[in-house]
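Good morning, and thank you for the time.

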Amino acid sequence: MRFLAFATSNPTPCRGMGHVAGAADLHNQDYARALLAWYDRERRILPWRAAPGVAPDPYRVWLSEIMLQQTTVKAVLPRYADFLCRWPDVTALAAAELGEVLAAWAGLGYYARARNLHACVREVVSRHGGRFPATEAELRALPGIGDYTAAAIAAIAFSARATPIDGNIERVIARLFAVATPLPAAKVEIKSLALALTPDERAGDFAQAMMDLGATLCSPRRPACGLCPVVSGCEGHAQGLAGVLPYRDAKAERPTRRGIAFVALRDDNAVLLRERPLKGLLGGMLETPSSPWTDRGEKAASTLSHAPLMAPWREVPGLVEHTFTHFHLELSVYFAEVPAEATLNTAAYPERCRWVHVRDLHSAALPSLMRKVLAHALEEKRARPQARAAGAQPRARRRSA
């Protein structure tokens, strides 16, 4: 069994271990004490964290953990405040319509999180009387809560001895123990090592201390080892490997898919949008009508076969590009101005379509991809007369942010 060679002047074991501590336990407890002392001095002030001595609100902890999945703290902070202002507790969010939640989530990405978030609070209300369950097993049974989120909520909100492993903690553990196995194969080993470090007392603070250490000092590149409170016990630092750990297997190159998006603008300044199916990518969100996204581009003869209505469609120069987790997307955009009485091709575009005024697009449940499509088309419309007059070319591409 590996353990930390961590220097300490007070090697007394922590209370609550339930067994006689061996050498490995003593070193692990020394690490926990040193890290918690650093956390008490240097903890980040975040709106979902309870102040010292104040009981955490499970709803706020859960909401932050769902929002922070695959998203940065900087991006989440304003959206978290907006959510709390609009839906301050479980009951309020459970009473909201899914469309409202999706619209409020727009721009945060990974939209299955928003659907699961809404389903989760409804289940908490219907099955748990409006109170989040306290155990990892019960939490994992709720929509949208996996192993990491269940452990984080159990530890932070309910003080259970649980060990959440996010990217920051994964990196800290890999460096601390100089884990040579590349990710993702190293995940089981890292989980075991992190569990051995987790103290019986203050497990929630310990988890947040590990997160803060990874986010501030033990960063992906150029870790600030000289400021680290546990550098004396870090095998990665001792071996000169801290800056390159954790190792990772090479990722396969993302495939590229292509499609055609149709932006129809009525005389009354309303844009045609379509609701995507609830299941699948961008489920329940609004989109501009489009062809299927495939690894082969549409043939010229069949381009307009996916158009939502008969109109004088023209291709907007350039492409809209967006990168999802598993593939890269390139969309050609076709634009048409149509009369207010324009009728849809109902066989291809049934009741899921709706007209939304341009002034209301800011509050619509549009993912960032579709906002880029609309901006690409509408900016080209505005720029077209000036471009003709000046002989200028419109922007060729609109890439993912």
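This is a predicted model: local features need pLDDT of at least 70, side-chain atom pairs count only at pLDDT 80 or more; totals for chains, interfaces and linings use all residues.

As a brief orientation, two packed helices are described by the angle between their axes and the distance between the axes.

Let me begin with helix H3, residues 73-86, and helix H5, residues 98-105. Their axes come within 10 Å and cross at roughly 155°. Angles over 145 degrees count as roughly antiparallel, and H3 and H5 are therefore roughly antiparallel to each other. The crossing of H3 over H5 is right-handed. On the H3 side, the contact is made by Arg 79, Phe 83 and Arg 86, while H5 contributes Glu 100, Val 101, Ala 104 and Trp 105. Sorted by class, this contact has four nonpolar and three charged residues, with no polar ones.

The other pair is helix H9, residues 167-176, and helix H11, residues 203-216. Here the axes lie 8 Å apart, and the packing angle is about 80°. That angle makes H9 roughly perpendicular to H11. From H9, the residues in contact are Asn 168, Ile 169, Arg 171, Val 172 and Ile 173. From H11, they are Ala 207, Met 210, Met 211, Leu 213, Gly 214 and Ala 215. The contact of H9 with H11 comprises eight nonpolar residues, two polar and one charged.

Rolling a probe the size of a water molecule over the atoms shows where empty space is left. How many cavities of 30 Å³ or more does the structure hold? There are two.

The largest cavity contains about 150 Å³ of space. It is lined by 15 residues, and those closest to its centre are Arg 175, Cys 218, Cys 225, Cys 228 and Cys 234. H9 provides the largest share of this lining, with three residues. By class, the lining of the largest cavity consists of 13 nonpolar residues, one polar and one charged.

The second largest cavity holds about 40 Å³. Among the residues lining this cavity are Ile 169, Ala 207 and Met 210, and these three also take part in the contact between H9 and H11. The largest share, three residues, comes from H11. The lining of the second largest cavity has seven nonpolar and two polar residues, and no charged ones.

The largest pocket has a volume of about 1,300 Å³. Of the 35 residues that line it, Leu 68, Gln 69, Gln 70, Thr 71 and Gly 167 lie nearest its centre. Two or more lining residues come from each of helix H2 (58-68), helix H8 (147-158), H9, helix H10 (187-197) and H11. The lining of the largest pocket divides into 13 nonpolar, 11 polar and 11 charged residues.

The second largest pocket has a volume of about 630 Å³. It has 28 lining residues, with Leu 108, Gly 109, Tyr 110, Tyr 111 and Thr 325 closest to its centre. Which element gives the largest share of this lining? It is H6, with four residues. Helix H6 (112-128), strand E4 (314-323) and helix H13 (368-390) each supply at least two. In the lining of the second largest pocket, 12 residues are nonpolar, 14 polar and two charged.

Notes. Residues are numbered from 1 along each chain as its sequence is written. Side-chain values use heavy atoms; hydrogens and water are left out. Axes are lines fitted to C-alpha atoms, for helices over the stretch in contact, and angles run from 0 to 180 degrees between N-to-C directions. Angles under 35 degrees count as roughly parallel, over 145 as roughly antiparallel, 65 to 115 as roughly perpendicular and the rest as oblique. Contact means heavy atoms within 4.5 Å. Ala, Val, Leu, Ile, Met, Phe, Trp, Tyr, Cys and Pro count as nonpolar, Asp, Glu, Lys and Arg as charged, and the others, Gly among them, as polar. On a 1 Å grid over the protein atoms alone, a cavity is a set of points where a 1.4 Å probe fits but cannot get out, and a pocket is an open set with protein on both sides within 12 Å along at least five of seven lines; lining residues have an atom within 4 Å of a point. Grid points are joined across faces, edges and corners, and a volume is the space filled by probe spheres set on the points. A crossing is left-handed if the near helix is turned anticlockwise from the far one by less than a right angle, and right-handed if clockwise.
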